[in-house]
Amino acid sequence: MRAETQSIVDEIKQGIGLLRRHFDWDQGLKRLDYLNMRAEDPALWNDPQEAQKLMRERQSLDDSIKAVRSLSQGLEDNVGLIELGEEEGDSSVIEEAEAAIRSLKGEIAARQIETLLSGEADANDTYLEVHSGAGGTESQDWASILMRMYTRWAERRGFKVEILELHDGEEAGIKSVTLLIKGHNAFGWAKTESGVHRLVRISPYDSNARRHTSFASVWVYPVIDDSIEIQVSESDVRIDTYRSSGAGGQHVNTTDSAVRITHLATGIAVACQAGRSQHQNRAKAWEMLRSRLYEEELKKREAAANATESSKTEIGWGHQIRSYVLQPYQLVKDLRTGHESTSPSDVLDGELDDFMEASLSAKINGGAAEPVADID
């Protein structure tokens, strides 16, 4: 076997070992047997919520075990083919098996990323907020571009997107938007996008065609289910109602049906105007508030667990994470990982997986990445 191929084989074996250790292979097999047994019990569905939780765990564990077995078998088969090809002097067999082994290396890398999506809320649906920064029309237009980018990204992954709250800009773009993104691991993937996003371009709103820099912030927090208890009472909040904004038409709201709830102790505020009634919007806003408070708790746990790493950098929640330069050159650069793309049009059209994977990979390699230099 060629030295290069042997090196890849060794990497794959190491990757398979890491995957097996991640969910404790022996215990995982026992747990799957138990879950399969529970799934055959008709009484399980007497509690639909518990049954759904159990079935999700069963599906996730089954997928992981099958993936490791498939990777192990694929490696064994192709190593055998290489040995057979070498014995018979058949270079075409060797080349085909080597190509398959290189493909397995990519699958291992993708599976290692997936292992990071096993947090307490990673599998959940997610809320994603975009807020324009200072700068009026420029930043409001940038916020609308980000809303489109995340909508396209979600659609590429087969997720569903709902607009829960939207405030249009005075002349163009949006002041803010809250999206609900529904899909398996939606929060696990999107959570890496929280922070400030910076755009550099020749402004389409400047008659002198000058270069402008715009900022918008993104905030991502998980949708929580009833199994996660977050206690908050009406005495802890301020509830405001207002008239929903929109493009108008026969269904335009003529009453104060939109609802904003502000948590007094933390200052966290959420709003919803998607429902046709104040009752619907109030219920959804309460769900959003509990999710935000839960996300705050997750953030505190992460900060405590990574105190050493977090002390090294100011890059964090609410800080600049990525720059998108459209002029005088074209480059998107993540300031946490250094990952770059020279095709901003593709990124702004929703091709974000590489950036998200780079952020998740930084955790595989030992915690948060050091911030890299910004770009002009």
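Where is the place of Glu 83? Glu 83 sits in helix H3, which runs over residues 48–88; helices (H or I, at least four residues) and strands (E, at least two) are DSSP runs, numbered from the N terminus. The model is predicted, with local features needing pLDDT of at least 70 and side-chain atom pairs counting only at pLDDT 80 or more, while totals for chains, interfaces and linings use all residues. Residues are numbered from 1 along each chain as its sequence is written, and side-chain values use heavy atoms, leaving out hydrogens and water.

With a relative accessible area of 45%, Glu 83 comes out as partly exposed (buried is under 20%, exposed over 50%, partly exposed in between, with a 1.4 Å probe and protein chains only).

Helix H5 takes up residues 137–156, 20 residues in total, and spans 29 Å from its first C-alpha to its last, close to the expected 28 Å (1.5 Å times one less than the number of residues). Of those 20 residues, 15 are buried, so H5 is largely enclosed by the rest of the structure. Just after H5 comes Gly 158, with a positive phi of about 80°.

Two asparagines pair up across the chain: Asn 124 and Asn 185 are 61 residues apart along it, yet their C-alpha atoms are separated by 5.7 Å. Asn 124 belongs to the loop between helix H4 (91–115) and strand S1 (126–132) and is buried at 15% relative accessibility. Asn 185 lies in the loop between strand S3 (174–182) and helix H6 (186–190), and is buried too, at 7%. Its phi is near 70°, a positive value in a residue other than glycine.
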